[in-house]
Amino acid sequence: MGALGSSMIFCIFVSLVVGMSFAADPFAFFDLELTYITVSPLGVPQQVIAVNGMFPGPAINVTTNYNVVVNVKNKLNENALITWPGIQMRRSSWQDGVLGTNCPIPPRRNWTYQFQVKDQIGSFFYFPSLNLQRASGGFGPFVIMNRVIIPVPFSTPDGEITIIIGDWYVRSHTALRTELDNGNELGVPDGVLINGRGPYRYNTTLVPDNIEYETINVDPGNTYRLRVHNAGTSTCLNFRIQNHNLLLVETEGYYTSMQNYSSMDIHVGQSFSFLLSTDQNASSDYYIVASARFVNGSLWQRVTGVAVLHYSNSNGPASGPLPDPPNDVYDTSYSLNQAMSIRQNGSASGARPNPQGSFHYGSITVTDVYLLRIQPPTLIDGKSRSSYNGISFVNPDVPINLADAYNVRGAYKLDFPTQPFDRPPILDTSVINATYKGFIEIILQNNDTVVQTFHLNGYSFFVVGMGFGEWSENSRGSYNRWDAISRSTVQVFSGGWTAVFVSLDNVGIWNLRSENLDRWYRGQETYMRIINPEDDIGNKTTLPVPDNAFYCGALSSLQRNHRASDSASPARFASLELFLILLAFSYLNASSSFTYTSSLRSTAFPAKVALQEREESLMSNFLQMSGLEPRN
């Protein structure tokens with residue numbers, strides 16, 4: 001074969017390799033190691049759950065459509081799972097990290113999650129989902145950035161700042177579990193942490209000396225994006241920064257209509273994104289405050305987190321009284337009205353080029369209605385339990401999706417009621433039998449004595465209504481059917497209701513729960529089972545059982561020892577691709593018959609450059625997946 005024929009074959013080969021390389025979305029690799037460390041955020045030494053030796057844990061930063069590979073190493077003395085609220089796990093509830101979808105990771109073992117952040121952007125956080133472990137830490141931020149081709153509806157900030165707030169107990173999560181198991185309440189938290197640190201000493205009576213507090217350093221005249229998450233146990237916190245407005249721009253993956261707030265009520269499990277303009281005169285530092293809401297003020301006065309916003313040209317430390325929280329003692333609708341003022345930015349692009357408002361949810365016919373009633377904890381078989389519709393959920397021995405895959409009978413029931421039962425509450429493993437491509441309405445009626453937050457894994461939902469009193473058919477007249485915010489975690493006020501719309505387009509087993517850890521631990525959860533009956537074999541709308549799945553309960557006999565290669569399907573792909581690229585280079589560099597002609601130079605030479613760049617990226621990824629090179 002002549003030189004031109006060989007060159008043409010090589011060009012075709014290069015085109016195939018480069019096409020294969022760039023057709024797939026990039027991979028991002030992370031290691032998360034769960035261990036115990038001792039810290040003293042409130043002045044008392046205590047054991048907390050660290051991630052990679054850090055409390056809070058490190059950030060996971062990726063871009064829309066990335067394939068995310070996270071190797072979780074459990075070095076705790078009990079089972080663990082990591083869950084990713086707000087990350088929709090399209091087609092793959094196997095990666096969701098809750099007991100209805102995953103067998104737990106035993107102590108001294110590891111498990112590798114692999115999922116794609118398909119068509120998502122925004123601010124989220126991860127945390128350990130089992131047995132109140134989040135009350136001892138193990139959480140960290142999860143950020144999905146826009147692709148460069150998708151415009152963001154505001155100017156690029158000068159910097160990004162992550163703030164994790166949450167109520168905190170000096171007792172460990174195991175001690176808190178014991179309290180709940182004995183039928184007690186957790187009681188008033190010992191404080192509020194900001195980025196894992198205690199309060200600045202704004203009051204010498206309430207705050208002891210030698211507390212390490214958080215300082216946020218900024219420069220004057222800049223704009224910063226603040227991503228704020230409430231990773232606490234059960235307390236809604238009012239977040240505010242002295243003398244500064246908070247311009248809300250995004251919440252849990254959706255851009256909002258941009259509005260200024262002097263403070264924001266952030267409920268347990270919620271995430272918000274603000275723009276902060278450093279436009280003050282910096283005569284002193286400024287307080288950053290997170291204080292408890294909807295509680296007895298005198299008993300909860302110490303449950304206040306205080307950090308410091310420090311301008312680089314500041315003239316002195318923060319001093320004086322804290323900025324006031326909302327004055328709504330006699331106006332309980334203030335917080336509700338604030339929540340309903342958060343609207344979706346219908347003209348902004350989210351993860352895709354089309355505007356967020358192009359999905360006209362308000363004109364879609366509702367196919368099913370679920371009214372979930374929340375009651376105060378009550379005794380069931382001698383134990384204090386929480387429930388939805390009188391059913392306190394008992395996690396199955398075999399995760400629901402594994403039970404389906406292996407035809408394990410009796411693992412769960414598909415009989416969760418659409419309305420509250422007029423009967424004493426019971427213990428059961430009852431699951432919602434939802435319809436694929438249905439459009440459902442969920443009404444949460446909170447007859448408990450505390451404000452709660454509701455979360456649905458695998459989805460976002462439109463928050464169409466809130467109110468006080470009992471929900472009725474007439475309540476639909478107040479629904480926002482035009483620009484309701486879409487999110488995955490929403491508050492339900494005590495003595496009130498919240499209504500959401502959900503489009504069921506994501507096949508899988510999805511956890512529906514209270515984010516209040518005490519209520520969740522006591523059984524206030526269920527699952528939504530969504531199956532595509534036309535996809536029994538093709539795996540087009542759901543992925544098969546992962547190669548590295550853990551097995552438990554009735555399927556324990558299927559369990560095998562996990563090796564580093566058990567979860568290396570991307571490594572196998574990368575090694576094949578890398579081999580082809582190296583083969584192409586071998587041909588290119590060794591063949592004396594290959595010459596660049598004027599007709600080939602414009603195609604072959606750029607292809608070589610592309611191959612070189614891809615080879616470097618693949619080599620790094622391949623070494624990481626093979627355990628030969630540290631991961632980022």
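Visitor: How many aromatic pairs does the count come to?
Guide: This is a predicted model. Rings of Phe, Tyr and Trp pair if their centres lie within 6.5 Å. By this rule, the number of aromatic pairs is 28.

Visitor: Is the aromatic pair of W111 and Y113 stacked or edge-to-face?
Guide: The ring centres of W111 and Y113 are 4.7 Å apart, and their planes stand at 85°. Planes over 60 degrees apart count as edge-to-face, and those under 30 as stacked. So the pair of W111 and Y113 is edge-to-face.

Visitor: Are W111 and Y113 buried or exposed?
Guide: Buried means under 20% relative accessible area. W111 has 3%. Y113 has 0%. So W111 is buried, and Y113 is also buried.

Visitor: Which residues do ring pairs link into a cluster with W111?
Guide: W111 and Y113 form an aromatic pair. Both belong to a cluster linked by ring pairs. Beside W111, its members are W84, Y113, F115, Y126 and F142.

Visitor: How many residues apart are F239 and F274?
Guide: F239 and F274 form a stacked pair, 6.4 Å centre to centre with 15° between the planes. F239 sits in strand β13 (residues 237-241), and F274 in strand β17 (residues 271-277). The pair links distant parts of the chain, and the separation is 35 residues.

Visitor: Which strands stand at the edges of the open sheet of five strands?
Guide: The order is β11-β19-β18-β13-β16, with mixed pairing. An edge strand here has a single partner strand, so one of its sides is left without a neighbour in the sheet. The edge strands are β11 (215-218) and β16 (264-266).

Visitor: What is the bridge partner of T215 in β19?
Guide: β11 and β19 (residues 304-311) run parallel. Four bridges join them. For T215, the partner in β19 is V308.

Visitor: Which elements give two or more residues to the lining of the largest pocket?
Guide: The largest pocket has a volume of about 1,000 Å³. Its lining has 39 residues, with A292, R293, F294, V295 and W300 nearest its centre. The elements giving two or more are β18 (286-292) and α5 (517-521).

Visitor: How many charged residues are in the lining of the second largest pocket?
Guide: The second largest pocket has a volume of about 740 Å³. It is lined by 25 residues, of which Q88, D119, Y254, S460 and D505 lie nearest its centre. By class, eight are nonpolar and 12 polar. The charged residues number five.

Note on methods:
Residues numbered from 1 in each chain as written. Predicted model: local features only at pLDDT ≥ 70, side-chain atom pairs only at ≥ 80, totals over all residues. Heavy atoms only, no water. Pairing = 2+ DSSP bridges. 1 Å grid on protein atoms, 1.4 Å probe; cavity = no way out; pocket = protein on both sides within 12 Å on 5 of 7 lines; lining within 4 Å. Points joined across faces, edges and corners; volume = space filled by probe spheres on them. Nonpolar A, V, L, I, M, F, W, Y, C, P; charged D, E, K, R; others polar. Phe/Tyr/Trp six-rings, centres within 6.5 Å; stacked < 30°, edge-to-face > 60°. Buried < 20%, exposed > 50% of the residue type's maximum accessible area, 1.4 Å probe, protein only.
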